[in-house]
Amino acid sequence: MPIIITIDGPSGAGKGTISRMLAKKLGFHYLDSGALYRLLGLAAERHRVATDNTKALITLAEHMDIRFETTSDGDFKSLLEGEDVTKAMRTETTASLASQVASHLNVRAALLKRQQHFATDPGLIADGRDMGTVVFPDAALKIYLTASIEERAQRRYKELLEKGEDVSLPALVEQVRSRDERDMSRDASPLIPAADAVELDTSELSIQEVMDTVLNLTVVKGLFASIHQ
Ligand code: C5P
């Protein structure tokens, strides 16, 4: 049985960074479920499917040709219909499309199996919004990462600037706020911590401090006898 660790939370809380580091440290597989929704949003845009056309979105979700690859320097690459869309996927425009297609229950259901297939030995770090509540309810350890809206927008701002995107901080605060609101208030798998999740506010913590806390939790939960940090 693969060991599953879920890391959920709003955008910019540090889920991606921590999940990737943890997967590397433990030698586990990594599921970036947000990437699936982003790819679906992009696929919908490219095939001119409206974000409320659930029937067509379900067909796309079930059949879209996607691939994740790891480059020689350890970076992750995403391919949609054979095309490298790693950069296009990370824009706030694509994030908003993702959040719109993700609001439909039957579209989410169409992606459920695809996500569960990532759970193979020795284990999986699953990063998203509903990993602990819906996709892997029996996960061995569930973590819910948060941070203040200002801190999360700042992090996103830095990340996008580094990628050469032209963004304004106030506009970004607004985009992050409205995406979170949609993710938290939707009927289908809203963003909420699982009842048995450990909540961690990362506003004042460094990446290393978050990593240390999470690694300690894996030991406390009895998943590993000890982990050399
Ligand atoms: O995590 P990321 O920012 O890439 O996610 C993009 C969008 O995909 C989120 O705002 C959310 O609407 C959706 N999503 C989701 N469930 C997940 C992961 C992402 O609804 N498990």
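User: Which residues line the second largest pocket?
Analyst: In this predicted model, the second largest pocket is lined by Met1, Pro2, Ile3, Ile4, Ala119, Phe136, Asp138, Ala139 and Ala140. A pocket here is an open set of points on a 1 Å grid over the protein atoms alone, where a 1.4 Å probe fits, with protein on both sides within 12 Å along at least five of seven lines, and lining residues have an atom within 4 Å of a point.

User: What volume does the second largest pocket have?
Analyst: Its volume is about 160 Å³, where a volume is the space filled by probe spheres set on the points.

User: And how many residues of each class are in that lining?
Analyst: The lining of the second largest pocket has eight nonpolar, no polar and one charged residues, with Ala, Met, Phe, Ile and Pro among the types counted as nonpolar and Asp among those counted as charged.

User: Switching to sheets, what is the strand order in the sheet of five strands?
Analyst: The order is S2-S6-S1-S7-S8, in an open sheet with parallel pairing. Strands are DSSP runs (E, at least two residues), helices are runs of H or I with at least four residues, and both are numbered from the N terminus; two strands pair if DSSP finds at least two bridges between them.

User: Which strands are at its edges?
Analyst: Strand S2 (29-32) and strand S8 (198-201) are the edge strands, each pairing on one side only.

User: How many bridges hold S7 and S8?
Analyst: S7 (residues 141-146) and S8 pair in the parallel sense over four bridges, and isoleucine 143 has valine 198 in S8 as its bridge partner.

User: Which helix packs on that sheet?
Analyst: Helix H10 (residues 207-220) does, touching strand S1 (3-8), S7 and S8, where contact means heavy atoms within 4.5 Å.

User: Which residue stands opposite phenylalanine 68?
Analyst: Serine 78 in S4 does, while isoleucine 66 has leucine 80 as its bridge partner in S4.

Definitions and conventions
Residues are numbered from 1 along each chain as its sequence is written. This is a predicted model: local features need pLDDT of at least 70, side-chain atom pairs count only at pLDDT 80 or more; totals for chains, interfaces and linings use all residues. Side-chain values use heavy atoms; hydrogens and water are left out. Axes are lines fitted to C-alpha atoms, for helices over the stretch in contact, and angles run from 0 to 180 degrees between N-to-C directions.
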